[in-house]
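Have the coordinates open and follow along.

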Amino acid sequence: ETAKDYGVGMAITGPAVHLAEAAPANISDDQIKVWLRKKIESKAFPTPPGDVLYAIYYPATTTINLQGEQSCQTFGGYHYEVQMTDGSSIPYAVLPRCDGFDGLSELDSVTGTSSHELLEACSDPLPESDPTYSNPEPDGVAWALLAGGENADMCTFNRDAFFTPTNYPFTVERSWSNSAAFAGKDPCVPAATGPYFGAVP
């Protein structure tokens with residue numbers, strides 16, 4: 001539902017790649033970039049035609065460092081881009097396994113964070129070289145002051161941000177919908193049951 005607001009259609013999942021190599025105990029985002037670039041350019045990872053996003057899932061034994069921040073303490077996942085040797089950029093998402101992050105179980109944290117980061121990576125795939133939909137329009141900038149301006153960030157501090165849909169067995173996160181906001185409805189969709197109250201100063 002939200003992705004339609006940003007011109008994003010249905011996702012197609014490629015085959016998962018299970019690596020035999022042991023994951024490191026600690027790794028930085030710069031090291032992830034180097035590792036991912038080598039995997040893609042050596043054809044160890046498939047490179048389908050068209051738009052592609054690599055989602056990297058790390059085990060609970062790996063701590064990820066991002067610009068001085070540590071996984072499972074200050075962030076539950078993130079998305080970024082890696083520049084290839086030919087100058088092109090490819091988006092990727094990093095998903096650690098965090099037990100208890102945001103009050104979620106390890107599995108709920110993985111699925112909830114995945115829904116957050118994958119949606120943001122689809123609507124803002126190149127946040128460094130060519131940012132898109134990375135902030136709301138000026139009238140809605142207050143929504144972006146606490147957690148950031150991407151579509152899942154703007155809903156992440158809602159008490160009911162993470163939920164398990166009735167027709168889906170995993171925890172996901174609500175995310176911002178421009179069309180719902182312009183219609184005066186709860187902008188974090190799928191909307192929770194009950195009335196929605198909005199206020200402006």
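## Exposure and ground rules

Buried means under 20% relative accessible area, exposed means over 50%, and partly exposed is in between (1.4 Å probe, protein chains only). Y133 is partly exposed, with a relative accessible area of 44%.

This is a predicted model, so to speak of local features takes pLDDT of at least 70, side-chain atom pairs count only at pLDDT 80 or more, and totals for chains, interfaces and linings use all residues. Residues are numbered from 1 along each chain as its sequence is written, and side-chain values use heavy atoms, with hydrogens and water left out.

Y133 has a positive phi of about 50 degrees although it is not a glycine. You'll find Y133 in the loop between α2 and β7; helices (H or I, at least four residues) and strands (E, at least two) are DSSP runs, numbered from the N terminus.

Q67 is another non-glycine with a positive phi, near 50 degrees. Q67 sits in the loop between β3 and β4 (69–70), and at 72% relative accessibility Q67 counts as exposed. Then there's a cis peptide bond from V189 to P190, with omega near -5 degrees; P190 belongs to the segment after β10 (188–189).

## The second largest pocket

A pocket is an open set of points on a 1 Å grid over the protein atoms alone, with protein on both sides within 12 Å along at least five of seven lines; lining residues have an atom within 4 Å of a point. The second largest pocket holds about 750 Å³ of space.

Its lining takes 31 residues, and L66, F75, G77, Y78 and E117 lie nearest the centre. Elements giving two or more residues to this lining are α1 (29–41), β3 (63–66), β5 (78–83) and α2. What gives the most to the lining of the second largest pocket? That's α2, with 5 residues. By type, the lining splits into 10 nonpolar, 11 polar and 10 charged residues; Ala, Val, Leu, Ile, Met, Phe, Trp, Tyr, Cys and Pro count as nonpolar, Asp, Glu, Lys and Arg as charged, and the others, Gly among them, as polar.

## Two valines

V141 is in the loop between α2 (106–123) and β7 (162–163). V141 is partly exposed, with 42% relative accessible area.

V34 is in helix α1 and is partly exposed too, at 38% relative accessible area. The C-alpha atoms of V34 and E137 are separated by 35 Å, with the two residues 103 apart along the chain.

Notes. On a 1 Å grid over the protein atoms alone, a cavity is a set of points where a 1.4 Å probe fits but cannot get out, and a pocket is an open set with protein on both sides within 12 Å along at least five of seven lines; lining residues have an atom within 4 Å of a point. Grid points are joined across faces, edges and corners, and a volume is the space filled by probe spheres set on the points.
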